[in-house]
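Visitor: I would like to learn how to read a protein model. Please take me through it one feature at a time.

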Amino acid sequence: MTAVSLPPSLIPTLPGRYYTDPEIFAREQSRIFETMWFCAVRSSDLPNPGSFRTVRIGRESVLVARGRDGALRAFLNICRHRGATLCTEDSGEVKRAFQCAYHAWTYGLDGKLVAAPNLTKMPDLDRTEYGLVGLHLREWLGYAWVCLADEPPSFEEDVLGAVSERLGTAAAIDAYEIGDLAVGKRITYDVRANWKLIVENFMECYHCATIHPELTEVLPEFADGYAAQYYVGHGAEFGSEIRGFTVDGGEGFANLPGITNEQDRRYYAITIRPQVFVNLVPDHIIFHRMYPLAADRTVVECDWLYSAEVVASGRDVSRSVELFHRVNLQDFDACERCQPSMSSRAYARGGVLVPSEHHIGAFHDWVTTKLSAPDSQRP
Ligand code: FES
Ligand code: FE
């Protein structure tokens with residue numbers, strides 16, 4: 001990066017090519033998404049033995065499936081015979097096994113090769129050797145977190161550490177019992193923007209007064225432009241007239257049972273690198289997972305999680321969904337507005353971060369450090 005002389009209140013952003021260059025994106029895939037813990041699927045999306053979902057993590061298609069023993073497992077979604085993609089659907093349920101559509105090699109729900117045509121004529125084929133390639137998987141907050149690295153980084157440091165950085169302690173998130181909540185609504189956004197623009201946007205609130213009228217109504221402190229990271233340990237307070245985290249500030253639902261006095265009437269936002277954003281309010285959780293697909297395209301799956309009773313009762317969640325759905329649309333529209341400009345000569349040396357955005361500089365440092373790390377995980 002060319003050194004730019006800036007007054008102390010301004011620090012540079014990344015140059016535009018970081019948001020457009022396929023080579024940089026490929027390095028991000030190998031050194032970030034394929035090496036870190038990646039929040040892949042909601043565990044309850046796979047309710048039964050044989051339920052599966054396929055997701056893209058970095059350059060790989062990953063199959064997450066529930067076994068006969070009830071456990072979730074993750075595999076590379078690749079047949080070990082000649083490499084056909086094993087499951088071509090996004091989600092589904094098989095009875096007992098996954099069968100490749102090419103030559104019918106068949107894998108158990110635990111990934112073992114259990115059958116293949118003419119197997120008896122191949123007595124030297126070691127079936128244990130040709131099972132699906134398994135990946136590390138951990139369940140936390142009701143999600144399956146998958147790591148493609150041979151030696152995963154510390155979940156405690158990378159994932160729980162991000163939570164305690166924001167909430168003061170990692171345990172503070174336990175009050176919300178996110179693992180037990182039910183998905184009241186899911187919206188998938190196909191955003192024509194680089195994943196880092198979405199992270200940067202989520203990290204700052206300098207834009208809140210301009211583009212989020214409903215959110216700043218509910219959280220008046222946000223109108224000052226200071227983002228959730230300034231509220232470490234105590235969250236942002238609801239406005240005095242606000243009754244719930246809903247599109248018009250009207251009544252929401254009863255607080256989740258574990259909510260403490262400090263968490264009541266407060267909003268917390270957590271970024272868990274590289275691809276998760278969690279918003280906590282007393283009666284529901286908004287949980288975003290990004291799937292970066294190309295330098296200029298990111299799919300974001302957003303879950304609105306409520307107590308199981310609220311979802312089972314069929315109560316109308318639309319007014320709380322509508323608030324953050326609008327916020328999402330406003331944010332993603334802003335990101336899409338920036339993406340085409342990233343390849344302009346006007347942005348060749350990047351832009352600037354003002355004081356209320358300075359913490360984004362730490363994110364940029366983190367990205368560039370990751371990109372310069374040796375690519376040890378792939379042959
Ligand atoms: Fe899957 Fe041949 S490629 S069975
Ligand atoms: Fe925003």
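**Sheets, domains and core**

Guide: Start with an open sheet of seven strands, in the order 2-11-10-5-4-3-6 and with antiparallel pairing. Its edges are strand 2 (38–42) and strand 6 (91–93), each of which pairs on one side only. This is a predicted model, where local features need pLDDT of at least 70 and side-chain atom pairs count only at pLDDT 80 or more, while totals for chains, interfaces and linings use all residues. Residues are numbered from 1 along each chain as its sequence is written, and chains are lettered from A and ligands numbered from 1 in the order in which they are written.

Visitor: What makes two strands a pair?

Guide: Strands of a sheet pair through backbone hydrogen bonds, either parallel or antiparallel. Here two strands pair if DSSP finds at least two bridges between them; strands (E, at least two residues) and helices (H or I, at least four) are DSSP runs numbered from the N terminus. Strand 10 (residues 134–140) and strand 11 (residues 143–147) are joined by five bridges in the antiparallel sense. Within that pair, His136 stands opposite Cys147 of strand 11.

Visitor: What is the strand order in the open sheet of six strands?

Guide: The order is 12-17-16-15-14-13, with antiparallel pairing. Strand 12 (182–191) and strand 13 (236–237) are the edge strands. Strand 13 is held to strand 14 (residues 266–272) by two bridges, and Glu237 has Arg266 as its bridge partner.

Visitor: How is the protein chain divided into domains?

Guide: Domain bounds come from an automatic or database domain assignment. Domain 1 is 1–35 + 169–379, and domain 2 is 37–148. Their centres, taken over C-alpha atoms, are 31 Å apart. Contact (C-beta atoms, placed from the backbone, within 7 Å) links 15 residues of domain 1 with 13 residues of domain 2. On the domain 1 side, helix 1 (22–33) and strand 16 each supply at least two of the touching residues.

Visitor: Which residues touch the most other members of the largest nonpolar core?

Guide: In soluble globular proteins, nonpolar side chains tend to be buried together. A nonpolar core is a set of buried Ala, Val, Leu, Ile, Met, Phe, Trp, Tyr and Cys residues joined through C-beta atoms within 7 Å, where buried means 20 or more other C-beta atoms within 10 Å of a residue's own. This core has 93 residues, and Phe38, Ala40, Val64, Ala74, Ala144 and Val146 touch the most other members. Both domain 1 and domain 2 give at least three residues to this core. Leaving aside neighbours within four places in sequence, the contacts of Phe38 include Phe33, Trp145 and Gln275.

How values were computed
A residue is buried if 20 or more other C-beta atoms lie within 10 Å of its own, exposed if 12 or fewer, and partly exposed in between; C-beta atoms are placed from the backbone. Two residues are in contact if their C-beta atoms, placed from the backbone, lie within 7 Å.
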